[in-house]
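I opened the notebook to record what I looked up in this model, beginning with the strand pairing and ending with the pocket.

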Amino acid sequence: MGYNPLQDLKSAGALLEGHFLLSSGLHSNRYVQCACYLQHPHLAERAGRALAVRLFGSHPHFSVSAVVSPALGGLIIGHEAGRALDVRAMFTERRDGEMTLRRGFSLKPGERVLIVEDVVTTGKSGREVIELVRSLGAEPLAMACIVDRREDRKQDLGLPLVSLVNLDIENWRPELCPLCKAGGEAVKPGSRASTPL
Ligand code: ZN
């Protein structure tokens, strides 16, 4: 059977259906927990390989010498993409709210970089990593993620984005949420009352 990343996400229990309170304050009917998927090393490795294949498929001369991912979500898939591309995989962390390259890591001037995330929701952290990489004199070439769940996929992230799965997830402001109107109560993802798809 061919590789079906959506099926893998579902069977790993990484796609939840319910009534969720997101960190943004919005409510939604679905939630993606990539960590549930990436806890299986063989699935994580396969996803990293699939991202590399898609990158070469859409950019035949694709060539980078490093992967940079925002921690914590991007760490495992960034590592696996680095393995598939046979380049080093580094990660960023926030220090006093500011995106920085983890202590001890460095980029050479002009070094070509792939930015890898687990889920792209608004593209905000990806853009911060792009800026960070540029500020260090390196060249971010593209972004890759497992799940692209942006509401508007035509939105310009500043770099081409390759994803394994595109998911349409509805978000509502609490006062407009149909699930609230139906009498339900939104819960934080991962609490009870959320069922795997
Ligand atoms: Zn609601």
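Which residue in strand 5 is the bridge partner of Arg95? I found that it is Glu98. As a note on sources, this is a predicted model, in which local features need pLDDT of at least 70 and side-chain atom pairs count only at pLDDT 80 or more, while totals for chains, interfaces and linings use all residues. Residues are numbered from 1 along each chain as its sequence is written, and side-chain values use heavy atoms, with hydrogens and water left out.

I looked up the strand order and read an open sheet of six strands, 5-4-3-6-7-8, with mixed pairing (strands are DSSP runs of E of at least two residues, helices runs of H or I of at least four, numbered from the N terminus; two strands pair if DSSP finds at least two bridges between them). Strand 5 (98-101) and strand 8 (161-166) are the edge strands, each pairing on one side only. Strand 4 (residues 88-95) runs antiparallel to strand 5, and four bridges join them.

Pocket. I then turned to the largest pocket, which is lined by 29 residues, with Ser23, Val119, Val120, Thr121 and Thr122 nearest its centre (a pocket is an open set of points on a 1 Å grid over the protein atoms alone, where a 1.4 Å probe fits, with protein on both sides within 12 Å along at least five of seven lines; lining residues have an atom within 4 Å of a point). Strand 6 gives the largest share of this lining, four residues, and strand 2 (27-32) and helix 5 (124-135) each supply at least two.
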